[in-house]
Amino acid sequence: MASRAGALFLELIYPARCCLCNDVRAYVSKERICNACRVDLGTLAAPRCDMLPTVYSALSRVYAAYEYKGNIRDLVWRFKFEGVKEIADGMAELIKIAAWPPSFVRDVGEADYFIPIPLHKSRMKDRGFNQSEVLADKLAEIYGITCMDALSRVKKTTPMYGLTRTERLENVRGVFDVNEKYVGLLKSKTVVLIDDIYTTGVTAEECAHTLVRHGVNRVYLLAFSIVTEMGGNT
């Protein structure tokens, strides 16, 4: 009883905030998204949350939960560039309640591993964490799938902003490799790449080709958001 009272007292002093609009919610609420924002989620949903890549793709299917705009864009910005790692809990919850097609349940259900898109060690040092890895860890808890840091970024790339698709493809060529200790575990497996933003897909494509070269059977991508107007960095 005392612990419950103490928890309520802390909630009154430090009230929970909606991860999307940052407004204070009722202290009795355990959800990370307020009711008003839940109503707006439909307007933020991706135009198509599942996409079939080209015939030359190493990705079997791409899934994106929300369009990178409005509160979703602000949420990713706070998470990625302001270092509010706790936002990953809300992002994972938002992914869980997105309006997914039946194929999503099937594809994620057959996955052996979640694999985050890696950062170069210099970017990790600047940012302090890999946002895709933090998000992947949260999703692993929700879906009961092992999160594996199987990929590493072995070359530093220039910022993607302002580059054409061809320039982006060249920018990420040969950038990724599979960590040696995981090579044997990936043979004939199905994996889901996890990222916060999907723009042109060149980064995910290079990751997927790298994994397939090392024996992975099938690669899907699950992104929290998708950029529908060019100007993103992924």
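The structure is a predicted model, in which local features need pLDDT of at least 70 and side-chain atom pairs count only at pLDDT 80 or more, while totals for chains, interfaces and linings use all residues. Residues are numbered from 1 along each chain as its sequence is written, and side-chain values use heavy atoms, with hydrogens and water left out.

**Helix α5**

Helices (H or I, at least four residues) and strands (E, at least two) are DSSP runs, numbered from the N terminus. Buried means under 20% relative accessible area, exposed means over 50%, and partly exposed lies in between (1.4 Å probe, protein chains only). In helix α5, residues 102-109, the buried residues are Ser103, Phe104, Asp107 and Val108. They lie on the same side of α5 because they cover an arc of only 120° around the axis, the arc being that of the directions from the helix axis to the C-beta atoms. The face turned away from this buried side carries the exposed residues Pro102, Val105 and Gly109. The cover over the buried residues of α5 includes β1 (50-51), β2 (61-67), β3 (113-116), α7 (131-143) and β8 (218-226), where contact means heavy atoms within 4.5 Å.

**Aromatic pairs**

Rings of Phe, Tyr and Trp (its six-membered ring) pair if their centres lie within 6.5 Å, and planes under 30 degrees apart count as stacked, over 60 as edge-to-face and the rest as tilted. By this rule there are 8 aromatic pairs. The pair of Tyr63 and Trp100 is edge-to-face, since the ring centres are 5.9 Å apart and the planes stand at 85°. This pair links distant parts of the chain, with Tyr63 in strand β2 and Trp100 in the loop between α4 (87-96) and α5, 37 residues apart. Tyr63 is buried at a relative accessible area of 2%, and Trp100 is also counted as buried, at 16%. The rings of Phe79 and Phe129, with centres 5.8 Å apart and planes at 50°, form a tilted pair. Phe79 lies in helix α3 (residues 70-81) and Phe129 in the loop between α6 (121-127) and α7, so this pair ties together parts that are 50 residues apart in sequence. One aromatic cluster is formed by Tyr63, Trp100, Phe104, Phe114 and Tyr143.

**Charged side chains**

Side chains of opposite charge can pair when their charged atoms come close. A salt bridge is a side-chain nitrogen of Lys or Arg within 4 Å of a carboxyl oxygen of Asp or Glu, and the count by this rule is 8 salt bridges. The table gives examples.

| Salt bridge | Closest N and O atoms |
|---|---|
| Arg38 and Glu93 | 3.0 Å |
| Asp107 and Arg61 | 3.9 Å |
| Glu110 and Arg218 | 3.4 Å |

Asp107 in helix α5 and Arg61 in strand β2 are 46 residues apart; Asp107 is buried, with a relative accessible area of 1%, and Arg61 counts as buried at 14%. Glu110 lies in the loop between α5 and β3 and Arg218 in strand β8, so their pair ties together parts that are 108 residues apart in sequence. Salt bridges that share partners join Asp50, Arg61, Arg106 and Asp107 into one network.

Arg78, found in helix α3, is buried yet has no salt bridge, and the nearest side chain of opposite charge, Glu82, is 5.5 Å away. Here Lys and Arg count as positive and Asp and Glu as negative, whereas His and the chain ends are not counted.
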